[in-house]
Amino acid sequence: MITRPTRMTRHTWMTAAAVLVLVALACSASAEIHRVVLDDGLTLVVMPNPWSRAVALSVMVGAGSKYDPAGEEGLAQITNELFFEGLGERSWEDVYDELSAQGVEFKCLTSEDTAEISMTGYEARFEYMVGMAALALSEPVFLVDRLEHEKKVALDFYEAEIADA
């Protein structure tokens, strides 16, 4: 039986950020991988790279295509396409400009097993990145009116793949 993880609160993300920062600081001189599981089940993995000033942050949840309900195949992919149209009252363009000004690259990805938010940036921007990930997960703008368009795009894609097979 497949169960979905519970929704993480902003407090959980801030706790995760604090733990990540502490673990990263404690192990920054080694290349050892550190794994911390919080009380609510959130798992943090820190893999320092002392040879680089860049950091990568990924938030992955079990929400990939294998979780799509029967008859609604492709839902995870469509949700990924619609997931991040903005943040709170800000448009995606405004958020993108802010991330770019901070030197942070942002991606949303979907696979068979997971949905992922990923950011890459400079070491000095790590706390900012964790904060933006928390906001992206707690206050995303999801434009429902684009759903029909994205459904058509996805169906056209899958039909083309079937035709090519």
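Q: How much accessible surface does the chain have, and what share of it belongs to carbon and sulfur atoms?
A: Accessible areas come from the Shrake-Rupley method with a 1.4 Å probe; for residues, only the protein chains shown count as cover. Here the chain's accessible surface comes to about 10800 Å². Carbon and sulfur atoms hold 57% of that surface. This is a predicted model: local features need pLDDT of at least 70, side-chain atom pairs count only at pLDDT 80 or more, and totals for chains, interfaces and linings use all residues. Residues are numbered from 1 along each chain as its sequence is written, and side-chain values use heavy atoms, with hydrogens and water left out.

Q: What secondary structure does the chain have?
A: Helices (H or I, at least four residues) and strands (E, at least two) are DSSP runs, numbered from the N terminus. The chain has five helices and seven strands. Along the sequence, the pattern reads α-β-β-β-α-β-β-α-β-β-α-α.

Q: In which sense do E1 and E2 pair?
A: Two strands pair if DSSP finds at least two bridges between them. E1 (residues 34-37) and E2 pair in the antiparallel sense, over four bridges. Arg-35 has Val-45 of E2 as its bridge partner. The two strands form a hairpin with five residues between them. In the turn, Gly-41 has a positive phi of about 95°.

Q: Which residues of E2 lie on its covered face?
A: In a regular strand the side chains alternate between the two faces of the sheet. In E2 (residues 43-46), Leu-44 and Val-46 make the covered face. Thr-43 and Val-45 make the uncovered one.

Q: Which residues of H2 are buried?
A: Buried means under 20% relative accessible area, exposed over 50%, partly exposed in between (1.4 Å probe, protein chains only). Buried residues make up 30% of the 165 in the chain. In H2 (75-83), the buried ones are Ala-76, Ile-78, Asn-80, Leu-82 and Phe-83. Their cover includes E6 (105-110), E7 (115-122), H4 (126-138) and H5.

Q: What lines the second largest pocket?
A: Rolling a probe the size of a water molecule over the atoms shows where empty space is left. On a 1 Å grid over the protein atoms alone, a pocket is an open set of points where a 1.4 Å probe fits, with protein on both sides within 12 Å along at least five of seven lines; lining residues have an atom within 4 Å of a point. The lining here includes Glu-72, Gly-74, Ile-78, Lys-151 and Tyr-158. H2 and H5 (147-164) each supply at least two lining residues. H5 gives the most, with five.

Note on methods: Contact means heavy atoms within 4.5 Å.
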